[in-house]
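Dear colleague,

Please find below the structure that I am passing on to you.

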Amino acid sequence: RERKMANFIPWGPASIQVALSRKSPYVETAHRVSGLMLANHTSIGNLFARTIASYDKLRKKSAFLDVYKKTDLMKDDLSEFDNSREIVQNLVEEYKACEQPDYIHWGTGGYNADPGSAMM
């Protein structure tokens, strides 16, 4: 029943145990209730993707860039922003790859970006 409540990554171990209790049998605490959170943080990739989309809109309009152009570091060009955008884009791609069954092959040339045809 607990396994159906959460979507786990397909390449992770299936030996996850769930125990429900009012107090931890392992940790002494003065509180009446203790908890454990097991989370799949790959969904933060969506936040990074939205940030990139917002950045692209602002960059296209050159919004708020006049302040940065006045600094010594960026007076000639704004390539620092473009390089940072590329780094975040790579991060988004890796988070998407993390959600696929063949993630262990990501970055080695054996990765297949199409989730319908995962390599085994």
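Arginine 85 and aspartate 56 form a salt bridge, and their closest N and O atoms are 2.7 Å apart. Because arginine 85 lies in helix α4 and aspartate 56 in helix α2, this pair ties together parts that are 29 residues apart in sequence. Please bear in mind that the model is a predicted one. Arginine 85 is partly exposed, with a relative accessible area of 25%, and aspartate 56 is also partly exposed, at 31%.

The count of salt bridges comes to two. In the other pair, aspartate 82 joins arginine 59, with the closest N and O atoms 3.1 Å apart. Here, too, distant parts of the chain are linked: aspartate 82 belongs to helix α4 and arginine 59 to helix α2, 23 residues apart. Aspartate 82 has a relative accessible area of 35% and is partly exposed; arginine 59, at 25%, is partly exposed as well.

**The overall picture**

The protein has four helices and zero strands, and its pattern along the sequence is α-α-α-α. Of its 120 residues, 12% count as buried. The accessible surface comes to about 10200 Å², and carbon and sulfur atoms account for 56% of that area.

Does the length of helix α4 agree or disagree with its number of residues? At 1.5 Å a residue, its 20 residues should span 28 Å, and the C-alpha atoms at its ends are 29 Å apart, which agrees. The buried residues in α4 are Phe81, Val92, Ala97 and Cys98. Helices α2 (44-61) and α3 are included in what covers them.

Phe81 also belongs to the largest nonpolar core, which has five residues: Tyr55, Leu65, Met74, Leu78 and Phe81. With its neighbours within four places in sequence left aside, methionine 74 is in contact with Tyr68, Lys69, Glu80 and Phe81.

**Aromatic pairs**

How many aromatic pairs does the structure hold? There are three. In one of them, tyrosine 68 and phenylalanine 81 have ring centres 4.9 Å apart and planes at 90°; planes over 60 degrees apart count as edge-to-face, so this pair is edge-to-face. Tyrosine 68 lies in helix α3 (residues 66-69) and phenylalanine 81 in helix α4 (residues 79-98), so the pair ties together parts that are 13 residues apart in sequence. The relative accessibility of tyrosine 68 is 38%, so this residue counts as partly exposed.

**The loop between α2 and α3**

Two residues in this loop deserve a separate remark. Serine 62 lies in the loop between α2 and α3, and its phi is near 55°, a positive value in a residue other than glycine. Serine 62 is partly exposed, with a relative accessible area of 41%. Phenylalanine 64 lies in the loop between α2 and α3 too. Although phenylalanine 64 is not a glycine, its phi is positive, at about 65°. Is phenylalanine 64 buried or exposed? Its relative accessible area is 62%, and exposed means over 50%, so phenylalanine 64 is exposed.

Yours sincerely,

A colleague

Definitions and conventions:
Residues numbered from 1 in each chain as written. Predicted model: local features only at pLDDT ≥ 70, side-chain atom pairs only at ≥ 80, totals over all residues. Heavy atoms only, no water. Buried < 20%, exposed > 50% of the residue type's maximum accessible area, 1.4 Å probe, protein only. Areas by Shrake-Rupley, 256 points an atom, 1.4 Å probe, with all protein chains shown as cover. Core = buried A, V, L, I, M, F, W, Y, C linked by side-chain atoms within 4.5 Å. Contact = heavy atoms within 4.5 Å. Phe/Tyr/Trp six-rings, centres within 6.5 Å; stacked < 30°, edge-to-face > 60°. Expected span 1.5 Å × (residues − 1). Salt bridge = Lys/Arg side-chain N within 4 Å of Asp/Glu carboxyl O.
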